[in-house]
Amino acid sequence: MQIFYTPDIAVNPELPQEEAQHAIRVLRLVEGNEILLTDGKGSFYKAAITRAHPKHCEVNLIDQWEQPDLWNFDLHIAVAPTKNMDRLEWFVEKATEIGIDEITCLQCRYSERKEVKIPRLEKIAVSAMKQSQKATLPVLREMTTFRDFVSKPFAGRKFIAHCEPGEKKLLKKTYLPGENVLILIGPEGDFSPEEIRLALEQGFEPISLGDSRLRTETAALVACHTIHVCN
């Protein structure tokens, strides 16, 4: 059964217009058909269509249940957006499918992109959430400067993946299963020495993701997948 994203379903028993158009015009659902909904906050709903209109698809809720936790840790990746937005969108899609709690767009000294369109990324995350049959949508944060971000508190392990020389443990060798984790992934030009120093001063641990030098979006996805493999 196809899943529809209805963030306000608990207070408004109606599909958002985009979801309504897909249900009625594309899938040709009619009154009486049962559908599966999620609010993106951890809950699924079973509902029956009571008004089959492409702009106002109203439903009657039949059942509601919480999806069991799919992982027992909090995973937050802060990544410098790539110049080509397609690559960042690819990361958001795949990380949502694998499982991630929060993504922050990080503005660094060598960042090639200074702004992002969060609504576009949210649409991609919603589609990936539904495709992977999850009931929780990751939080997507607006562009934040590196200095402001690393100074914020985080209840868990904090890592920075960079390419500068020095002692760095492999992520899979230093992360412990069950730990909440925040990982910084820099732009194609890497973090600046000043940013690395600032992060270390704020309690971030330097890590390596392996011997290969990875593109930004690849490094971010490898970090996401590594945490899940470790768990």
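Student: How is the model to be read?
Tutor: Residues are numbered from 1 along each chain as its sequence is written. In this predicted model local features need pLDDT of at least 70, side-chain atom pairs count only at pLDDT 80 or more, totals for chains, interfaces and linings use all residues, and side-chain values use heavy atoms, without hydrogens and water.

Student: What volume does the largest pocket have?
Tutor: A pocket is an open set of points on a 1 Å grid over the protein atoms alone, where a 1.4 Å probe fits, with protein on both sides within 12 Å along at least five of seven lines. Points are joined across faces, edges and corners, and the volume is the space filled by probe spheres set on them. For the largest pocket the value is about 410 Å³.

Student: Which helix gives the most to the lining of the second largest pocket?
Tutor: Lining residues have an atom within 4 Å of a point, and helices are DSSP runs (H or I, at least four residues), numbered from the N terminus. Helix 1 (17-26) and helix 3 (118-131) each supply at least two lining residues. With six residues, the greatest contributor is helix 3.

Student: Which residue in strand 4 stands opposite Lys46?
Tutor: Strands are DSSP runs (E, at least two residues), and two of them pair if DSSP finds at least two bridges between them. Strand 3 (residues 43-51) and strand 4 (residues 58-66) are antiparallel, with eight bridges, and a hairpin joins them through six residues. Opposite Lys46 stands Asp63.
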